[in-house]
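Here is a short tour of one structure. Look at the model first, then read on.

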Amino acid sequence: MKVKTITREYLRSHPHNIFVFGDNTERRGYGGAAALRNEPNTYGFITKHTCSVSYTPEQYAPIFEREMVYLTAHIVCVPSNFKFLISPLGAGLANEYGIWEAVIREPLRTRLSDYNNVEFLWED
């Protein structure tokens, strides 16, 4: 999988782009894409229970559904000149039990692909 990298400098020079990264329920830690969490134009999508505890696909499925409702509402509510840059959520540090492949990848792309203000940062 080829992934487009987003940097702090990029986010600061593109304030209308919102970087969506995999987060944990504690909303803390700086591993992987969460290194950018303190930038004002980021959005944490829960993919991990805590910094050190990952979800199994069975545990994660209802959390994914809830997070999709929150993210979709946010996408719809922001002004149309904002763009959401969706990283491969859960494909990195949170993928200990395969949630990216089993729960996230296809539903995420399918459910968000009709929004004009969404860009996926990976190529299969």
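## The sheet

Four strands form an open sheet in the order β3-β2-β4-β5, with parallel pairing. Strands β3 (42-48) and β5 (118-120) stand at the edges with a single partner strand each, so one side of each lacks a neighbour in the sheet. From one strand to the next, the twist averages 30°. Strands here are DSSP runs of E with at least two residues, and helices are runs of H or I with at least four, numbered from the N terminus. Two strands pair if DSSP finds at least two bridges between them.

This is a predicted model: local features need pLDDT of at least 70, side-chain atom pairs count only at pLDDT 80 or more, and totals for chains, interfaces and linings use all residues. Residues are numbered from 1 along each chain as its sequence is written, and side-chain values use heavy atoms, with hydrogens and water left out.

Strand β2 (residues 17-24) runs parallel to β3, and 6 bridges join them. F21 stands opposite G44 in β3.

## Helices on the sheet

Helix α2 (residues 57-77) packs on the sheet and touches β2, β3, β4 (83-86) and β5. Contact means heavy atoms within 4.5 Å. The direction of α2 makes about 170° with that of β3. Axes are lines fitted to C-alpha atoms, for helices over the stretch in contact, and angles run from 0 to 180 degrees between N-to-C directions. Helix α3 (residues 99-112) also packs on the sheet, touching β3, β4 and β5.

## Buried side of α2

Buried residues of α2 include Y60, F64 and L71. Buried means under 20% relative accessible area, exposed over 50%, partly exposed in between (1.4 Å probe, protein chains only). Their cover includes β2, β3, β4, α3 and β5.
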